[in-house]
2 protein chains.
Amino acid sequence: MSITTKSPLAPDTFPNLLPVAGVEIGAAAAGLRYKDRPDLMLARFTDGTVAAGVFTKSKMPAAPVDWCQQALKNSHGRARALVVNAGNANAFTGSKGAKAAAKTAEATAEIIGCEPEEVMLASTGVIGEPLDVSQFPKFLARIHDGLSGSMWKEVAHAITTTDTFPKGSCRVATVEGRPVVISGISKGSGMIAPDMATMLGFMFTNANISQAVLHAVLANTVDDSFNSITVDGDTSTNDCVIAFATGKNANTELITDPADPRLEDFVAKFREVATDLAHQIVRDGEGAQKFVTVDVTGAENDAAAKRIAFSIANSPLVKTAIAGEDPNWGRLVMAVGKSGERADRDGLSVWIGEQLVAENGMLSRKYTEALAADHMATDNIRLKVDCAIGTGSATVWTCDLTHGYIDINADYRS
Amino acid sequence: MSITTKSPLAPDTFPNLLPVAGVEIGAAAAGLRYKDRPDLMLARFTDGTVAAGVFTKSKMPAAPVDWCQQALKNSHGRARALVVNAGNANAFTGSKGAKAAAKTAEATAEIIGCEPEEVMLASTGVIGEPLDVSQFPKFLARIHDGLSGSMWKEVAHAITTTDTFPKGSCRVATVEGRPVVISGISKGSGMIAPDMATMLGFMFTNANISQAVLHAVLANTVDDSFNSITVDGDTSTNDCVIAFATGKNANTELITDPADPRLEDFVAKFREVATDLAHQIVRDGEGAQKFVTVDVTGAENDAAAKRIAFSIANSPLVKTAIAGEDPNWGRLVMAVGKSGERADRDGLSVWIGEQLVAENGMLSRKYTEALAADHMATDNIRLKVDCAIGTGSATVWTCDLTHGYIDINADYRS
């Protein structure tokens, strides 16, 4: 079956992504799995560009994940290119997979004129099938000939699998009084899509910052953005977010301290782009009909709050209740209880939208189910729990669990 | 909507449960939530009966769970009665809930002629609604007048919520050359049902054993039976398994050492009953079309193997692939990877049924997808993963994730 209907939670149009000085991009239809659509992208970076990445914690990482982690070490965080293919995850492909990754980097390095270790790689698609890269040099050379600074929608499309819309976000920050662009693209429709892998995010900026600063900004940002979303709780073999900073036509002085106050606006805008890209993945969650924000306060600490929030956001019973527009707060209590984190049962408060549902461990006298039901009928659901234990808090985002999810995942490969 | 279709995985008929000397049972339709069906059960135990329980690890335990844990302490494990209601979980009901539990125990104690602390309680049903027990004394007295040793099907029915069939199991063990009966009933259709709570199990035997022995046998058994099943990974506020031993018309000498060799057959049969009851809950899993056995071997230790097995058994992507009869082994690899436990990616082996699918971290040359697909088309699925790390092993049981699950849980309350 074909899954082509655009998510009801999708933005109306692909946003306007500004070019990033020092970044040229392009895509081609390499016919890896899909027909008549781009499925291979190349980004070329100016000399001096630094890169930083965060990768899946899966114990079964894909070959390109292994490659990037090693390459970033060897190159001391310098990067000249990024190659991403969709349709085949190059995961669980053994030594053949590692060779396919190396060959892709070597071919790219030859075209660009750089070292293979300066080429970052990512793959997304079916797990366990060998990735045939024999045609990659031809297609990469063809893309290279037509690189430009503005084909964001094409490359955002090229990295999608079961996504129903391409995902992008852009902000302009001010550093030392000069404009710095942050453009980003992402893909993902399940935390892992069908038998597909996965969540990918790429962020590009012309900020003039050291690799250590880029890494620190990225690492601090992913926790509250990409690592605060869930569709089905399934972690992919290929998850990664990689950021690139070219240093071109931006702030004049290289900033080398992550705590430098001149970076304040940059860090804020970087976070906005990351959060926007992460939200778009949730909005394209497989079968999603509703975007859900889960706030947890009063937990023992922030980590505990996040575990409770994910316990709620990953609960099949909570997610099906949301699909059914049922203000079923008992399931929220169940999910808090099963998280294993401390919470005061007899002090617990629960909100659905603005409605206080439960307080002091039981149904609130102020609760009007009709008002909560009204909120559940919208497509932007807010759930909040206060644990009455401490000051830890967290926010995570998810979507509902619908027949669409079953359709996509039970029927996709056949 | 009404969910009344019997699970396709249900046994043909309710099994023949033998009476247990010293145990009298009965049920009534108290109209708590359901109409025209029993929803309140009472079991009366002979003087000298000992009880042992294992309870939910939820941090939001229901009032009857609190009650039983305290009562077992106060009574030093002696019990004279068990009262279970279906339709209302008496969970997250604050001090009112605790009072409702105490009143139920007091009324029962008066009818039976025992102490309230000798009355075990369990509730299952909607979370967060006050449980009105004002009519309980009347109904309990009525049940008490008609108690008998053989109404197993009626009481098994009385404790169900969204279950599609009543669950029971029986074995006869030989202890000191004499027959000892073990009869048990259970309920559950999700680990937590719709907005319902939960998984309950009750086992009754006339074995002449001390409370310490009963507790040890129960605790050792639940790990590989009730605690090795999952429908949706959601843990209820009311989960409990309670065992009762009357000591009547059984082995003549009281056995006080759990390691006593005379208990060998009893322990084996007790485990058979517990496993059978647990399997029946999975076979009644919400929307289940397939019964799934997940074997993990070669893990760091047994606990790691169990976490990997549950990571597979709880993965929405694995469960939807099973629903779609898709031998999607890449999702098994993904689930092993996300478990966080050690596994040798490049030594991993995967089986679907008898088919070796992957070995040495990649697709096996012996693999024939058509044969794996044949196995996936059956309703008794066996999945196996060898981690190539150590000697830890575990087996867990689950069911597939289907449209039926969404139907039941998105639409139930409305």
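Start with both chains: 50 residues of chain A are in contact with 52 residues of chain B (contact: C-beta atoms, placed from the backbone, within 7 Å). This is a predicted model, where local features need pLDDT of at least 70 and side-chain atom pairs count only at pLDDT 80 or more, while totals for chains, interfaces and linings use all residues. Residues are numbered from 1 along each chain as its sequence is written, and chains are lettered from A and ligands numbered from 1 in the order in which they are written.

Stay on the chain A side. Helices (H or I, at least four residues) and strands (E, at least two) are DSSP runs, numbered from the N terminus. Helix 9 of chain A gives the most, with eight residues.

Next, color chain A by domain. Domain 1 covers 23–283 and domain 2 covers 291–411, with bounds from an automatic or database domain assignment. Their C-alpha centres lie 33 Å apart. Ten residues of domain 1 of chain A are in contact with eleven of domain 2.

Now go to chain B. Select helix 5 (211–222) and helix 6 (264–283): they pack at about 50 degrees, axes 10 Å apart. Axes are lines fitted to C-alpha atoms, for helices over the stretch in contact, and angles run from 0 to 180 degrees between N-to-C directions. Show side chains: Val217(B), Thr221(B) and Val222(B) in helix 5 meet Val267(B), Phe270(B), Arg271(B) and Ala274(B) in helix 6.

Key. Two residues are in contact if their C-beta atoms, placed from the backbone, lie within 7 Å.
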